Amino acid sequence: ILAHRGNPSTGAEFTIDENSIDALKSAQERNFAGIEFDVHITADDQLVIHHDNKIAPGLSCQGSTFEEIRAHRLPHGSQIPTLREWLEQAKKTPHIYQLLEIKSHPAEREALLITKCLEVIRELDMVDQMYMLSFKSETLDEVLRQQPDMKTILNSSSLHHSLTPAEVKEKGYTAASYNINVILQYPEWIQEFKDYGIETFFWMVNSSYLYDLAGELGFTWATTDFRDVIKK
């Protein structure tokens, strides 16, 4: 089971800021198999963890400075963490995979983001603990150009822009993380991915019904916001 943006929930409600160190610690305590989080590069080239580019009116991950971002408090009181802070905490549980989503940026900024993420990952000797994921195949191609042994995941929520299992295999990606609407349209892809040795992620799995369905369909991973709801 993969913790989506850490484990920010208790029961069916969010009680911890997502993508915060507290959410990471909560997921570690619950011993998830993996923890997903999102990374942006700030206007002054710092790496911060937050899902949306927009943080608050007049404040954004990509358009504001790190000092401006750090002055902001999330709804439950947390600061927005840096990638280094996140990975230093994640390194304490080396058996739990960390799945770093590269958020969309202009091309030059995105290449710099990848470079700086890999610098921190290498410095902390965490390549084996990491996956890097994106909704764009060209982003993952750049990851593999810079770090050929990095585990990579292609995300997709579009019926019309999802690579087939053969195309994912040709690209050399480790896994595919396709939204429920995509995979239910092409259920035969799950076995094809398996045949190619490609891992599969099912999202979002926020009910026991969908968790059981993920197992029946043969997915490798189930991505959830609410582990207590799926009761596994």
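Mentor: Start with helix axes: each is a line fitted to C-alpha atoms over the stretch in contact, and angles run from 0 to 180 degrees between N-to-C directions. Bear in mind that this is a predicted model. Here H4 and H5 (residues 137–146) pack at an angle of about 45°, with their axes 10 Å apart.

Trainee: Why is H4 called oblique to H5?

Mentor: Under 35 degrees would be roughly parallel, and 65 to 115 roughly perpendicular. The angle is about 45°, so H4 counts as oblique to H5. The crossing is right-handed.

Trainee: What makes the contact of H4 with H5, by class?

Mentor: Four nonpolar, three polar and three charged residues. H4 brings Glu110, Ala111, Ile114, Thr115, Leu118 and Arg122, while H5 brings Thr139, Glu142, Val143 and Gln146.

Trainee: Which residues touch the most other members of the largest nonpolar core?

Mentor: Leu87, Leu100, Ile121 and Tyr178, out of 54 residues. Helix H4 (residues 107–123) gives this core its largest share, six residues.

Trainee: How do you know what Leu87 is in contact with?

Mentor: Contact means heavy atoms within 4.5 Å. Leaving aside neighbours within four places in sequence, Leu87 has Phe37, Val120, Ile121, Leu124, Met126 and Met130 as its contacts.

Trainee: What makes residues of helix H1 (residues 21–29) count as buried?

Mentor: The cut-off is under 20% relative accessible area.

Conventions: Residues are numbered from 1 along each chain as its sequence is written. This is a predicted model: local features need pLDDT of at least 70, side-chain atom pairs count only at pLDDT 80 or more; totals for chains, interfaces and linings use all residues. Side-chain values use heavy atoms; hydrogens and water are left out. A nonpolar core is a set of buried Ala, Val, Leu, Ile, Met, Phe, Trp, Tyr and Cys residues joined through side-chain atoms within 4.5 Å. Buried means under 20% relative accessible area, exposed over 50%, partly exposed in between (1.4 Å probe, protein chains only). Helices (H or I, at least four residues) and strands (E, at least two) are DSSP runs, numbered from the N terminus. Angles under 35 degrees count as roughly parallel, over 145 as roughly antiparallel, 65 to 115 as roughly perpendicular and the rest as oblique. A crossing is left-handed if the near helix is turned anticlockwise from the far one by less than a right angle, and right-handed if clockwise. Ala, Val, Leu, Ile, Met, Phe, Trp, Tyr, Cys and Pro count as nonpolar, Asp, Glu, Lys and Arg as charged, and the others, Gly among them, as polar.
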